[in-house]
Amino acid sequence: MEGGIGGSQSKDQNQIVDVRSVVESVSAEDSDAPLYQVESLCMRCGENGTTSFLLTLIPHFRKILLSAFECPHCNERNNEVQFAGELQPKGCCYQLKVPSGDPKMLNRQVVKSEFATIKIPELDFEIPPESQRGSLSTVEGILLRAADELQALQEERKKVDPQTAEAIDQFLLKLRACATADSSFTFILDDPAGNSFVENLFAPSPDPSLSIKFYERTSEQQSTLGYVVESSQTGSVRDAASTEAVGTSDQVQRAPHGSIGAAAGHRAIAQSNSAEIAESLFRYTAPEEVMTFPSTCGVCTARCETRMFVTNIPYFQEVIVMASTCDACGYRNSELKPGGRVPEKGKKIILRVENVKDLSRDVIKSDTASVTIPEIELELTSGTLGGVVTTVEGLIMKISESLERVHGFSFGDSLDEHKRSKWLNFQASLKKLLCLEAPWNLILDDALANSFVAPGTDDIKDDHQLMFEEYERSWEQNEELGLNDIDTSSADAAYDSKDATTEEK
């Protein structure tokens, strides 16, 4: 936004109000929020213009705040989109491959948050978050806006630095060629906040030209978003360690179950004795004994409590269950992590769903597992839903909710009737799966073999509806999982030398 908010509070027929009233109104849970206007300073001519605010909800996507500034003196106009909802659990990265000679690809709707970065590798071109703030546009609109902003100061550049101006002119030709579909390029939208979106023209089916990846944010990205400060985290850990040393930890006193192992583990970690760390954590910890230790809330950065225990799921493997609760903001989070080493082979689980009991089977889907239902041509790549512990019925419901949330323009005014009916038909097919009008297959393909579907019989060999297939991972799968870069030669040499020293003694 270029409009700076001024101090005038005159009220006229356009309902110009003060800033505080606007903030209180857009913060309220009101589905029919009216349009508010605030008198603002124009940064171009210095006179007062008007900024309009509207809180609206994109169906099945996000709650957003639209703001538009207009100056009647110099006709300056601009608009901005800000997200009024919550921070998403993971960042997202959209990669769209646009071929030459296909203008329809440029008409895809794009929601860009104020934290998103746009890249075009073929041109070595990047639009940083501060250049084009939150906007609702299309691929073509974003490229043309970037070209116009570069073109704006070309006359001044030619006078000051002719060589740079000539290079920019050549670049603008390439950029406008991409904006008119005369050249093929790759459009990358990377948003650590997870609030950006690129339209899928084939929704709800996979788009061959569009790929989506979800990733964990780094500490630097968390700090940029304003949710985590490194110094506060370090201070919290230091405070926790000092509190533990003097024996005044309220958390250990309030949760004695499993605290012996946790306290011994804290002392071992403080003394940097790696041999005692593992021994103390598990020596005093019986199977499924809960360990409690202090941590930091990922939302408000306040000190909170995390509980962890190790358990063994029959016919599956050892898993680590972790749960965190924050008394300050009420945030809750639970995770299930696989234990043990990385399996040598991947695993594919095929379940034939035929009756109501099959819908109640427990399902563990790791974040590396893909989900496929051939009967309705549904395929979700790994990482789409993250790691979940649910049932077959719960998994289908999560898929439906996730598709409605991700494909935010499924019921927009700009959607044609054919696409609308296609989406409605797919929603109906998802509901038919739960009604069991016909048997269907649920396929979980996990390259790390960390997913599981509970058998319907006491002995898994007697369950003829459940099949497991192991397979060798491809080089590409190992590369995506980071297994090709693992080098254990140093560790192996250290263990060998330790064994040799022990034998000599």
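Arg 44 is in contact (heavy atoms within 4.5 Å) with Cys 74 and Glu 76, leaving aside its neighbours within four places in sequence. Its place is the loop between strand S2 (36–41) and strand S3 (48–57). Helices (H or I, at least four residues) and strands (E, at least two) are DSSP runs, numbered from the N terminus. Arg 44 is exposed, with a relative accessible area of 60%. Exposed means over 50%, buried under 20%, partly exposed in between (1.4 Å probe, protein chains only).

This is a predicted model: local features need pLDDT of at least 70, side-chain atom pairs count only at pLDDT 80 or more, and totals for chains, interfaces and linings use all residues. Residues are numbered from 1 along each chain as its sequence is written, and side-chain values use heavy atoms, without hydrogens and water.

Now turn to the interior. A nonpolar core is a set of buried Ala, Val, Leu, Ile, Met, Phe, Trp, Tyr and Cys residues joined through side-chain atoms within 4.5 Å. The largest one has 32 residues, and Leu 175 and Phe 185 touch the most other members. Among the elements that give two or more residues to this core are helix H2 (139–151), helix H4 (162–179) and strand S11 (185–191). H4 gives the largest share, six residues. Leu 175 has contacts beyond four places in sequence, including Leu 143, Ala 146 and Ala 147.

Look at H2 next. Its buried residues are Val 139, Ile 142, Leu 143, Ala 146 and Ala 147. They lie on the same side of H2, because they cover an arc of only 130° around the axis, taken from the directions from the helix axis to the C-beta atoms. An α-helix has 3.6 residues a turn, so residues three or four places apart point the same way.
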